[in-house]
Amino acid sequence: MTAPGENLRINGDRLWDSLMEMARIGPGVAGGNNRQTLTDADKEGRELFAQWCEQAGLTLGVDEMGTMFARREGTEPDLEPVYVGSHLDTQPTGGKYDGVLGVLGGLELVRTLNDLSIQTRRPIVVVNWTNEEGTRFAPAMLASGVFAGVHELDWAYDRKDAAGKSFGAELERIGWKGEEKVGSRPIHAFFELHIEQGPILEAEEKDIGVVTHGQGLWWLEVTLTGKDAHTGSTPMDMRVNAGLGMARITEAVHQIAMAHQPNAVGAVGQANVYPNSRNVIPGKAVFTIDFRSPELEKLTSMRSQLEEQAQRIADELGLGISIEPTGHFDPVTFDADCVAAVRNAAERLGYSHRDIVSGAGHDACWINRVAPTAMVMCPCVDGLSHNEAEEITREWASAGAEVLVHAVVETAEIVA
């Protein structure tokens with residue numbers, strides 16, 4: 001491989017301006033973004049990205065899951081391309097950088113190579129994966145999961161949002177259902193730039209996180225069934241309270257995660273009680289549990305203990321219970337050569353760095369199953385993400401993008 005020189009630098013102002021322009025699409029109510037997948041805002045964001053890709057001389061392809069692939073040709077077009085990217089969809093109260101930095105960092109990579117008239121042997125493809133967040137259509141990382149063969153295409157099309165609309169119908173509605181077969185593209189390597197979504201890099205004053213592993217996770221949806229009853233006239237010993245069961249299981253989740261320290265986390269995220277009236281004892285509760293760990297044994301143990309304790313709690317309270325897995329992947333070990341390319345790029349550019357485990361799931365976790373993969377991380381203020389107050393600095397964005405450029409270009413091989 002030919003390593004690029006230290007003088008290969010991006011235009012940090014251009015990258016930042018692109019981030020801010022994309023953030024104007026699907027604005028949130030508190031300074032962030034609400035550009036959920038397959039909404040009109042997602043459509044508008046895709047159209048802007050496609051316009052920028054065309055201006056950069058890229059050829060755009062779209063697969064059956066709506067994933068966008070923007071290709072910069074190599075001098076040897078038959079070689080497997082190097083892919084780089086992330087996602088443009090956001091949480092309902094999301095920030096301006098989660099996912100978006102990875103896509104627009106990839107675009108800035110191409111713009112930089114164009115500016116400097118640099119050619120690579122291998123093609124470079126910038127990717128916008130569909131429905132990484134999984135908020136509107138569970139599970140997360142849906143399109144990359146279909147690409148990697150984890151999910152079936154028809155199963156993905158049948159995913160429903162809270163309003164009962166299907167993924168497949170909404171993909172057609174916004175006009176981004178492509179004809180290319182999902183997973184048909186050969187990948188030499190894949191690199192994803194992302195904000196850390198945690199506090200470690202900022203706290204340790206590191207410019208770059210070299211991601212060596214990704215946490216595995218279990219998402220479990222629990223449904224408790226009791227009996228709706230009047231809160232004022234039903235004796236305490238005659239209640240079948242689904243809300244109480246949810247509270248006790250929520251505490252159990254916390255205790256189970258604490259018992260598996262270090263390197264384990266767990267929490268109840270989404271939670272709903274029914275009929276959700278102030279003077280009705282909840283007859284039904286539906287809530288989701290999120291367990292994560294980079295150690296498979298701990299991940300498996302946490303799920304097993306939760307299922308045992310939740311059943312016991314339900315039995316004690318006279319509740320019906322069902323527990324349905326809605327998302328899962330095992331811990332990920334990223335490719336040693338790709339990780340080394342990221343680490344070497346940070347060192348070559350003089351950026352402080354440390355190895356890090358990704359606490360969140362990313363498209364890279366699925367693509368790692370079918371191609372050599374690595375991630376680059378930059379800090380975010382207070383480790384805050386999935387929040388409209390999510391923030392990074394221009395300098396952090398530039399450093400992450402420059403490391404990305406060097407790792408990708410070294411892998412794609414500069415033509416002398």
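These legends accompany close-up views of a predicted model.

Residue numbers start at 1 in each chain and follow the written sequence, and side-chain values rest on heavy atoms, without hydrogens or water. Because the model is predicted, local features need pLDDT of at least 70 and side-chain atom pairs count only at pLDDT 80 or more, while totals for chains, interfaces and linings use all residues.

**View 1. Aromatic rings around Phe-147.**
The structure holds eight aromatic pairs. Rings of Phe, Tyr and Trp (its six-membered ring) pair if their centres lie within 6.5 Å; planes under 30 degrees apart are stacked, over 60 edge-to-face, and the rest tilted. Phe-69 and Phe-147 make a tilted pair, with 6.3 Å between centres and 40° between planes. Phe-69 belongs to strand 2 (residues 68-72) and Phe-147 to helix 4 (residues 142-147), so this pair ties together parts 78 residues apart in sequence. Helices (H or I, at least four residues) and strands (E, at least two) are DSSP runs, numbered from the N terminus. Phe-69 is buried, at a relative accessible area of 0%. Phe-147 is buried too, at 7%. Buried means under 20% relative accessible area, exposed over 50%, and partly exposed in between (1.4 Å probe, protein chains only). The rings of Trp-129 and Phe-147 have centres 5.3 Å apart and planes at 80°, so they are edge-to-face. Trp-129 sits in the loop between strand 4 (124-128) and helix 4, 18 residues from Phe-147. Ring pairs join Phe-69, Tyr-83, Trp-129, Phe-147 and Phe-190 into a cluster.

**View 2. Charges over ring faces.**
Here NZ of Lys or CZ of Arg lies within 6 Å of a ring centre and within 35 degrees of the ring normal. Lys-284 lies over the face of Tyr-274, 5.6 Å from the ring centre. Arg-303 lies over the face of Trp-218, at 4.2 Å.

**View 3. The nonpolar cores.**
A nonpolar core is a set of buried Ala, Val, Leu, Ile, Met, Phe, Trp, Tyr and Cys residues joined through side-chain atoms within 4.5 Å. The largest has 103 residues, and Met-65, Leu-104 and Phe-191 have the most contacts inside it. Helix 12 (residues 394-412) gives the most to this core: eleven residues. Apart from it lies another core of 24 residues, among them Ile-249, Val-253, Met-302 and Leu-317. Beyond its neighbours within four places in sequence, Phe-191 is in contact with residues including Tyr-83, Cys-338, Leu-404 and Thr-411. Contact means heavy atoms within 4.5 Å.

Two strands pair if DSSP finds at least two bridges between them. Strand 7 (residues 216-225) and strand 11 (residues 284-293) pair over ten bridges. Leu-220 has Ile-289 of strand 11 as its bridge partner.

**View 4. Strand 2 and its partners.**
Four of the five residues in strand 2 are buried. Four bridges join strand 2 to strand 1 (residues 59-62), in the antiparallel sense. Val-62 has Met-68 as its bridge partner. The hairpin of these strands has five residues between them, and Gly-66 there takes a positive phi near 85°. Strand 2 also pairs with strand 4, antiparallel, over five bridges. In that pairing, Met-68 stands opposite Asn-128.

**View 5. Gly-105 in helix 3.**
Gly-105 lies in helix 3 (residues 100-115). Gly-105 is buried, with a relative accessible area of 0%. Not counting residues up to four places away in sequence, Gly-105 touches Leu-15, Val-100, Leu-193 and Leu-404. Its C-alpha is 8.6 Å from that of Glu-402, 297 residues away along the chain.

**View 6. Trp-176 in its loop.**
Trp-176 is found between helix 6 (167-173) and strand 5 (189-195). Trp-176 is buried, at a relative accessible area of 13%. Leaving aside neighbours within four places in sequence, its contacts include Lys-43, Arg-46, Leu-60, Gly-66 and Met-68.
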